[in-house]
Amino acid sequence: MISGILASPGIAFGKALLLQEEPIIIYKKKILPINIHKEINKFYHAKNQTIQQLEKIKNKSNNFFKNQEENIFTSHIMILEDKELEKEIISSITENLNTAENAVELMISEQIKNLNNIKDEYLKNRIIDIRDIGNRLLKNILNIHTMNFKIIKEKVILIARDLTPSEIAQMNFKYILGFITELGGSTAHTAIMARSLEIPAIVGATNSTNQIKNNDFIILDGINNKIIINPNQETIKKIQKIQIEYYFQKKQLNKIRNLPSITIDNHEVEISANIGNINDITNAKKYGAKSIGLYRTEFLFMERSQLPSEEEQFLAYKEVAQKMHNKPVTIRTMDIGGDKEIPYMNFPKEENPFLGWRAIRISLDKKEILHTQLKAILRASQFGKLRILFPMIISLEEIQSLKKEIQKIKIELNQKKIIFDTNIPIGIMIETPAAAIIAKFLIQEVDFFSIGTNDLTQYTLAVDRGNDVISKLYNPFSPSVLYLIQKIINVSHQYGKWTGMCGELAGNEQATILLLGMGLDEFSMNPAFIPKIKNIIRKVKLHDAKKLAKKVLQQSTIQNVTKLINNFMT
Ligand code: PEP
Ligand code: MG
């Protein structure tokens with residue numbers, strides 16, 4: 001099984017087609033001065049040819065984009081027509097006696113180097129565009145044929161090291177069930193185009209071109225971010241069921257997306273989205289999220305060479321706040337560590353990273369990281385309705401220390417006359433048994449709880465959440481985990497506060513009625529799951545859900561718990 005970055009939701013089953021590119025080989029030889037004109041002509045000829053090709057692709061791809069300005073091939077053509085770049089290439093040929101291909105390659109490398117130095121993730125993703133234009137130009141200079149997508153005449157799932165926007169634009173979507181790339185992030189155009197085409201796609205799936213072979217039967221599960229190679233019948237059937245449900249939900253989507261998540265007997269709960277970056281907001285809104293229950297900010301710290309600056313973080317949080325138009329956005333301080341290592345932070349080698357230096361343990365040891373993040377969040381809080389959420393709490397002292405740090409930052413911002421939300425709500429994740437057990441003390445320090453069932457299950461059951469060997473033991477329906485969840489919710493209500501859930505259990509339809517009956521106030525999940533969960537909530541009575549929860553909490557085995565739930569749901 002492979003996973004990566006979920007770029008576009010959906011499920012596809014099909015034959016794998018690996019895209020192999022003809023390599024572009026450039027010899028670094030110098031030319032004789034008498035050949036300067038020949039090289040310049042070669043460049044101009046290729047440039048015109050490239051513009052013509054791009055014009056065709058642009059016209060073909062107009063329907064991907066809302067307007068001309070958004071069509072990225074308009075900007076590709078503009079880059080090619082840039083007089084400065086042209087001057088640079090010509091002088092590289094005439095003065096440094098480079099071949100046309102060498103001059104173009106040097107120019108592309110320079111542009112990419114400059115973009116690499118920029119700390120903005122969006123601009124970084126433009127590297128793919130520059131590579132795309134550059135490679136097309138180079139192939140035209142060297143007479144290398146570009147990938148001919150017309151030869152694809154049967155339905156396939158494409159696997160490639162990377163896919164450029166122009167390659168996607170040339171595909172005949174009748175035959176493309178989905179695609180998987182080894183490179184790319186969720187803000188790359190490849191991912192953006194996949195989402196707008198609603199083709200399932202997973203990017204950043206490292207090693208997929210090594211592990212998947214041509215004609216392998218694969219499942220691209222763009223709901224659970226999984227790629228399964230040559231699955232058995234049982235898995236196929238299981239995922240087919242998910243696929244049918246997914247497309248059914250999608251159909252229902254438009255009907256319920258703007259309706260409240262309210263039970264038949266008028267009990268309303270909040271349905272929110274979990275996001276990892278700004279682009280996920282599009283999906284959150286599309287699927288009808290009322291708020292953001294979890295913004296995993298650690299993704300801002302990944303795929304880069306140094307910590308993100310206060311300004312960078314501020315701009316990201318401000319954009320999320322503004323895009324959500326005054327609806328709540330819960331920003332979780334970075335939860336690095338565990339399985340989310342950051343190479344530039346020189347982590348100590350740990351025997352048990354999940355029990356090690358992670359999340360607020362790092363923030364409290366390295367206060368400068370925490371201060372930068374808190375300043376960015378507080379500054380952005382004037383542009384919307386932000387909440388702060390701290391992960392991996394195990395003690396009262398931790399939340400007290402964190403609150404002291406918030407206080408220090410508030411004083412500093414006040415002195416600098418920077419506006420911020422002075423009453424910004426502060427919450428903690430309850431994802432360790434320790435926090436659940438002392439919930440009564442913790443709640444008195446905070447405004448809300450958010451239950452992280454992914455970690456709460458792992459730590460309660462002492463079962464590594466990522467270990468396939470013991471995955472059978474990892475079960476949030478275990479009476480021990482359910483007991484803690486009920487305790488957390490009850491405690492928060494006793495103190496007049498509320499509890500959300502942002503672990504995967506919140507988006508698990510088998511758990512919805514149970515959680516509703518247990519009194520959960522906010523369900524936060526992968527946006528694609530929102531419709532199905534809302535659908536369940538709208539069809540049930542709180543009164544019945546409570547009765548179910550009461551019975552379930554009296555059970556002593558997982559088997560009995562699931563039996564009761566299944567009986568209720570059928
Ligand atoms: C959790 O542990 O349930 C959670 C939401 O946090 P993460 O999955 O990011 O550890
Ligand atoms: Mg967690």
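1. Partly exposed means a relative accessible area between buried (under 20%) and exposed (over 50%), with a 1.4 Å probe and protein chains only. The model is predicted: local features need pLDDT of at least 70 and side-chain atom pairs pLDDT 80 or more, while totals for chains, interfaces and linings use all residues, and side-chain values use heavy atoms, without hydrogens and water. Residues are numbered from 1 along each chain as written, with chains lettered from A and ligands numbered from 1 in the order written.

2. The structure as a whole has 22 salt bridges. One of them joins Glu154 to Lys15, with closest N and O atoms 3.1 Å apart; Glu154 lies in the loop between H5 and E3 and Lys15 in strand E2 (residues 11-18), 139 residues away in the chain. Glu154 is partly exposed at 41%, as is Lys15 at 30%.

3. Asp455 forms a salt bridge with Arg358, again with closest N and O atoms 3.1 Å apart. Because Asp455 belongs to helix H17 and Arg358 to the loop between strand E10 (328-332) and helix H12 (360-365), the pair ties together parts 97 residues apart in sequence. Asp455 is buried at 2% relative accessibility, and Arg358 is buried at 2% as well. Both belong to a salt-bridge network that also includes Glu298, Arg332, Asp335 and Arg465.

Terms used:
Salt bridge = Lys/Arg side-chain N within 4 Å of Asp/Glu carboxyl O. Helix = DSSP H or I, 4+ residues; strand = E, 2+ residues; numbered from the N terminus.
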